[in-house]
Amino acid sequence: MKLELGYVFIKDIQFAEQSKVENGTLYVNKEEVKALILEDQNFKSADVELARPGESIRIMPVKDVIEPRVKVDGPGGIFPGMVSKVETVGSGRTNVLKGAAVVTTGKIVGFQEGIIDMTGTGAEYTPFSKLNNLVVVCEPVDGLKQHEHEKALRFAGYKVAMYLGQLAKSLTPDEVHTYETPNLVEGLKLYPELPRVAYVLMLQSQGLMHDTYVYGVDAKQTLTTMLYPTEIMDGAIVSGNCVSACDKNTTYHHLNNPVIHDLFEEHGKTLNFVGVIITNENVYLADKERSSNWSAKLAELLGVDGVIISQEGFGNPDTDLIMNCKKIEAKGIKTVIITDEYAGRDGSSQSLADADASADAVVTGGNANEVIELPPMDKIIGYAEVADIIAGGFDGSLHADGSITAELQVITGATNEMGFNKLSAR
Amino acid sequence: MLKVVHYINQFFANIGGEEMAHVPAELREGVVGPGLAFQQAFGGEAEIVATIVCGDSYFNENLEKAKTEIIEMVKKQNPDLFIAGPAFNAGRYGVACGTIAQAVKEELGIPVLTGMYVENPGADMFKNSLYIVSTKNSAAGMKDAVKKMAPLALKLANKENIGASAEEGYMPNGVRKNFFDQERGSKRAVNMLLNKLSGKEYVTEFPMPDFDRVAPNPAVKDVRKATIALVTSGGIVPKGNPDHIESSSASKYGKYDIEGVMDLTEETFATAHGGYDPVYANIDPDRVLPVDVLRDLEKEGKIGKLHRYFYTTVGNGTAVKNAKGFAEKFAQELKADGVDAVILTST
Amino acid sequence: MIITNNEWVHNKYRELYDIIYIEGSYRDVLVKTRDKLHEGHELLTHPLSSSIKPNETPYKSVIISDNKGKLNFDSIYIIENSIMTCDKFNKNKIMNLTEKMKEDFKLIDLTVLESALNI
């Protein structure tokens, strides 16, 4: 399967009469976007705002971040099974508004988390401070249930991202990158000498606020299975996860999965990247056993020499991670796992909730409990008062001058367990 | 300018090798030996005002005396920083560097730094309490060691924020600290996997905790002749808990005499444990600490005898480190008392 | 069997399942679970069954087997690690919760539990 990604670079975002992309600027008609959101009768009002890199803006609480993409050529549309038909995606041409994102916000539950600062200390920790963001703020109708609100907001994000993506459909991209995965037989013929590597992608799947969808299916109802890496670039996997801001995988992370990207970089040179095994992180221990059995079995069936395993979330996923690692190593397949740590504010507590000696190659996204100081911002998009009640915030987190003292875990994407960031810990 | 006191052994002071290791601690003004390289590396920001030279044997054999003498010498200089070594792979020198650095830090409250090879016994002893820069295994690595130690020394003396071990060059000390690496995590993972696949060296970013797997001892040869002791984490203590063992996160253990005690009763014993329903343990403490059954076995000749003392603590949330510490202490006593085997009971 | 301190779980399922309802903390639920595992019950759901940290949510529900068997060491290992993780977080207590937040946490605990019950 072969996919061309056409990058249209976005360096600025502005409101305008007409939505369009011109000379690297994304112009957005605010009213059209609002109308699009309000098509959903679950919302009583909607607003959109802009947040550019370097601006003194704090966005909170962040639910999801989505990169605008559009299918130019080839079967299906972006986010299959969610907003496009359930066509198999991942081939042909997809254009990307590189440097832009849609950020959804909303108080779905009382403690919901996630901060993106566009400047200052916080900005260093989140990749989304480098993007030109269109921020969606919408109010649900009274009495809307939490799960309905979550779903409505999730779909609002996709719809706005699709709307922006459409603007790039007929544009000539600034750069085109080609990603191709041959079938197993061809791959073996092409690179007989190279070590064969697969990627085991763990998806959070525990219930309300903790869900991930694959082609529209709730991942907790899936068996461990395989995807072509390029399917994920077309939005085959989307996030419905609202908790654990620092180490949840947003839809943006899935679309730009860094492990997939970096394995493709080496594909055909130092390794043969054969594909992606996706597996879930369910609550039921028997599910954990089954799912990790299957990842090991699929890795064996693929005849790979090594795998990279990435994680999502805190606590019980450590058990899935270790099970996956242990069982795959037991098949004689080498593993590297990517995780993050909760080592306490002073860094001296045990980092993971599970451990095994076979996990001897670990990459860490950092200690999510480390305390950081976020300076006050001129403008807050969203709901400032939630600062005290977000994960990692504590009584008195929000100071009178608008600055915040909190654990790193408040920052969206800060300790990402796909290895999206440079942050590490020792 | 920042003032530094430097500690070195007889070898680096050019006094001599092993045959001169007995020389006592001596203070010399200014730079001696490797101090010169440090002085240059400080680039005018800091000055070595004095060097303390001490023979390795003298230090290790007159530990308390040497420590007191050296601390006095350091105190008089009133420095901003104390550097010991680097000791490379010299074992006694490494232990001396760690010991004296620790003492200076604790008693004088000034920042300290030392350096040694990772396999130097001093490294394991002190890496969690001191900044120890990881050096090569011989003095040929001096240049490299100074290059890593000098910048960290200045940061410590200036009381600047100290970054993660990977950035600053000190040995990982069990305290996790964040830093921005050169490459993003996914790229580091790909590189690590390639190294692992090709059998090359790689360093995990998070070492899994040590799994303390204890190999079972050989079976007791003749249990009919063996002295058996009872040890419990179930919190059984003489009623009233005379040593005040905590009901959770215990910081101590108790040792109690059961000479002539045939049966633990509600009137005489109880549990101090706060982590389980104590009703049944209190009605009959033998349920947790089976003295009655062992007395029976003793009478029937099935065991040699029950040891006169039992040891007890509360396992409820008690740190593994503490529990290990307790056992290390009383295991010595059990051995000295000629106990052949121990029955460990929990809750 | 469900061990919970979440009254919503208790109210909704007490007719259907054997429930040990605990008027206590998140940690109390874990400790009770541990005690039941010591009796030979098997752990069926992961005690840290959510990415919500143990010092944020006060509510916890865990499912264990109705039947008792031989002591299951995998279960013990997981519950002990979970209690340690819980203690690690509880060194730093988070804010007072509003009624609305308590309800949200009860709801999330309930739905996470239901994801295991297949409801």
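**Notebook: a look through chains A, B and C**

I opened on chain B, where B:His6 stands opposite B:Thr51 in β3(B). This is a predicted model, in which local features need pLDDT of at least 70, side-chain atom pairs count only at pLDDT 80 or more, and totals for chains, interfaces and linings use all residues. Residues are numbered from 1 along each chain as its sequence is written, while chains are lettered from A and ligands numbered from 1 in the order in which they are written.

**Entry 1: confidence**

The predictor gives the complex an ipTM of 0.95 and a pTM of 0.82. For chain C the mean pLDDT (the predictor's confidence in each residue, from 0 to 100) is 90, and 95% of the residues of chain C reach 70 or more.

**Entry 2: strand β1 of chain B**

Two strands pair if DSSP finds at least two bridges between them. I followed β1(B), residues 2–9, and found it mostly covered, with six of its eight residues buried. For burial I count other C-beta atoms, placed from the backbone, within 10 Å of a residue's own: 20 or more is buried, 12 or fewer is exposed, and in between is partly exposed.

β1(B) has a parallel pairing with β3(B), residues 46–54, over eight bridges. I also found β1(B) parallel to β4(B), residues 81–84, over four bridges.

**Entry 3: B:Lys255**

I found B:Lys255 in strand β10 of chain B, residues 254–257. Not counting residues up to four places away in sequence, B:Lys255 touches B:Tyr309, B:Tyr311 and B:Phe330; a contact here puts two C-beta atoms, placed from the backbone, within 7 Å. B:Tyr311 is 56 residues from B:Lys255 in sequence, yet their C-alpha atoms are 4.6 Å apart.

**Entry 4: where chain A meets chain B**

I counted 44 residues of chain A in contact with 32 residues of chain B. Which elements of chain A give two or more residues to this side? They are α7 (258–266), β20 (306–310), β21 (334–341), β22 (362–367) and β26 (423–425). β22(A) gives the largest share, six residues. By class, the side of chain A that touches chain B has 20 nonpolar, 13 polar and eleven charged residues. In this scheme Ala, Val, Leu, Ile, Met, Phe, Trp, Tyr, Cys and Pro count as nonpolar, Asp, Glu, Lys and Arg as charged, and the others, Gly among them, as polar.

I was pleased to see strand pairing across the two chains: β26(A) and β7(B), residues 178–180, run antiparallel over three bridges. There A:Ser424 has B:Phe179 as its bridge partner.

**Entry 5: A:His267**

I looked at the loop between α7 and β19 (272–281) of chain A, which holds A:His267. A:His267 counts as buried, because 22 other C-beta atoms lie within 10 Å. Leaving aside neighbours within four places in sequence, A:His267 is in contact with A:Asn272 and A:Phe273. The C-alpha atom of A:Tyr191, 76 residues away along the chain, is 9.4 Å from that of A:His267.

**Entry 6: where chain A meets chain C**

This contact takes 32 residues from chain A and 32 residues from chain C.

I traced an open sheet of three strands in chain C, ordered β2-β1-β3 with mixed pairing. β2 (19–21) and β3 (61–63) of chain C are at the edges, each with a single partner strand, so one side of each is left without a neighbour in the sheet. Within this sheet, β1(C), residues 2–4, pairs with β3(C) in the antiparallel sense over three bridges, and C:Ile3 has C:Val62 of β3(C) as its bridge partner.

Helix α2(C), residues 26–38, packs on the sheet and touches β1, β2 and β3 of chain C. The buried residues of α2(C) include C:Val29, C:Leu30 and C:Leu37. Buried residues of α2(C) pack against β1, β3 and α3 (73–89) of chain C. Just after α2(C), I noted C:Gly40 with a positive phi of about 110°.

Conventions: Axes are lines fitted to C-alpha atoms, for helices over the stretch in contact, and angles run from 0 to 180 degrees between N-to-C directions.
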